[in-house]
Amino acid sequence: MRSTDTVTRGAAVHIRGLAKHYGDVRAVDGVDMTIAPGEVVGLLGPNGAGKSTTIDMLLGLADPTRGTVSVFGRAPRDAVGAGLVGAMLQSGGLLDDATVAQTVGLFRAMYPNPLPFKETLARAGIAELAGRRVGLLSGGEKQRVRFASALVSDPDLLVLDEPTVAMDVEGRREFWTAMRSYTDTGRTVVFATHYLAEAEDYADRVVLLRSGQVVADGSVSQVRALAAGRVITAKIPHADESALTTLPGVTSVLVRGAIVELTCADSDRALRELLARHPQAHDVEVRGAGLEAAFVTLTRQEAA
Ligand SMILES: Nc1ncnc2c1ncn2[C@@H]1O[C@H](COP(=O)(O)OP(=O)(O)OP(=O)(O)O)[C@@H](O)[C@H]1O
């Protein structure tokens, strides 16, 4: 068995008992997480769950109230200073009047051994935008310039806070294609996202935060299984939502017009009773719950 010390030194990220309190607000409240080199980790959670605050501490931008963070065995600021970490934050400012080439050049000047200029642009998928002024780029293109800036030091760890937030479907697809070619080289990535499908498609592992704490941590299928539920959909005209919530085995109900969606802990029981009470139900389907259902189940328990 490896000693804790070896694990800490070998880990890309090692977080223990991490907390950040702002007065009475417990933005992060006792997070433990160890990320191995080469893992692609999706950080999920509802608004205010503590994702950005965790990322800020991971990058040394905020000091923990308590607990520790190390990145490749170093304090976060040291790791960032050594060019081991690249970051793409929600608020990363860009100069509108500079061209893409000038912007990337500026970031390259910060490191002693940056990636070759052309390679940086190519990896971020912006080679054809080099001469364009940043202020004229679309939201998605700007995000890819930020991505290039995060890549210039050829970091071993990339930290991305909602990297695709301003992108359309095609922009997101291009971004993740660029990201894939980066992660294929064995780099470590931690990204926060609101798009569960992105976590499902691109993360090896998802960490679900709620009220500053980790409520689930595992592969997408492990986290999905935590909800262990199934979803029944059916068409039932004039269905009464509150009556449906009393069905045995049902954990939540969504009614949209004639379409009823029941998330179930016990779909067999729920289905039998549903058909007994609503013999007119038709187009009935039962499917396994996705990551989204797990997300809803695991993040809702807090409010209950
Ligand atoms: N500087 C601050 N001062 C006071 N409260 C803060 C500060 N920064 C964050 N918070 C609070 O800490 C909690 C966690 O915020 P955080 O931004 O980390 O969440 P998040 O999961 O990134 O949310 P979102 O998905 O909305 O970006 C929130 O309640 C937020 O209002």
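**A guided reading of the chain**

Valine 206 has glycine 218, in strand β9, as its bridge partner. This pair belongs to a pairing between strand β8, residues 205-210, and strand β9, residues 213-218, which is antiparallel and extends over five bridges. The model discussed here is predicted. Two residues separate β8 from β9, and the two strands form a hairpin. In the turn of this hairpin, serine 211 has a positive phi of about 50°.

The view may now widen to the chain as a whole. The domain assignment divides the chain into domain 1, residues 4-221, and domain 2, residues 229-288. A distance of 40 Å lies between the C-alpha centres of these two domains.

Another antiparallel arrangement can be found by turning to an open sheet of three strands, whose order is β2-β1-β4. At its edges are β2, residues 25-35, and β4, residues 66-71, each of which pairs on one side only. From one strand to the next, the twist averages 20°. Within this sheet, strand β1, residues 13-22, pairs with β2 in the antiparallel sense over eight bridges.

The helices come next. Helix α2 comprises residues 51-58 and is mostly covered, with eight of its eight residues buried. Which residues of α2 are buried? They are Lys51, Ser52, Thr53, Thr54, Ile55, Asp56, Met57 and Leu58. Just after α2 comes glycine 60, which takes a positive phi of about 75°.

A further helix, α9, spans residues 220-227 and contains arginine 224. Why does arginine 224 count as buried? The reasoning rests on a count of neighbours: a residue is buried if 20 or more other C-beta atoms lie within 10 Å of its own. Arginine 224 has 22 C-beta neighbours inside 10 Å, and therefore it counts as buried. Arginine 224 and leucine 196 are 28 residues apart along the chain, and their C-alpha atoms are separated by 11 Å.

Definitions and conventions:
Residues are numbered from 1 along each chain as its sequence is written. This is a predicted model: local features need pLDDT of at least 70, side-chain atom pairs count only at pLDDT 80 or more; totals for chains, interfaces and linings use all residues. Domain bounds come from an automatic or database domain assignment. Two strands pair if DSSP finds at least two bridges between them. Helices (H or I, at least four residues) and strands (E, at least two) are DSSP runs, numbered from the N terminus. Axes are lines fitted to C-alpha atoms, for helices over the stretch in contact, and angles run from 0 to 180 degrees between N-to-C directions. A residue is buried if 20 or more other C-beta atoms lie within 10 Å of its own, exposed if 12 or fewer, and partly exposed in between; C-beta atoms are placed from the backbone.
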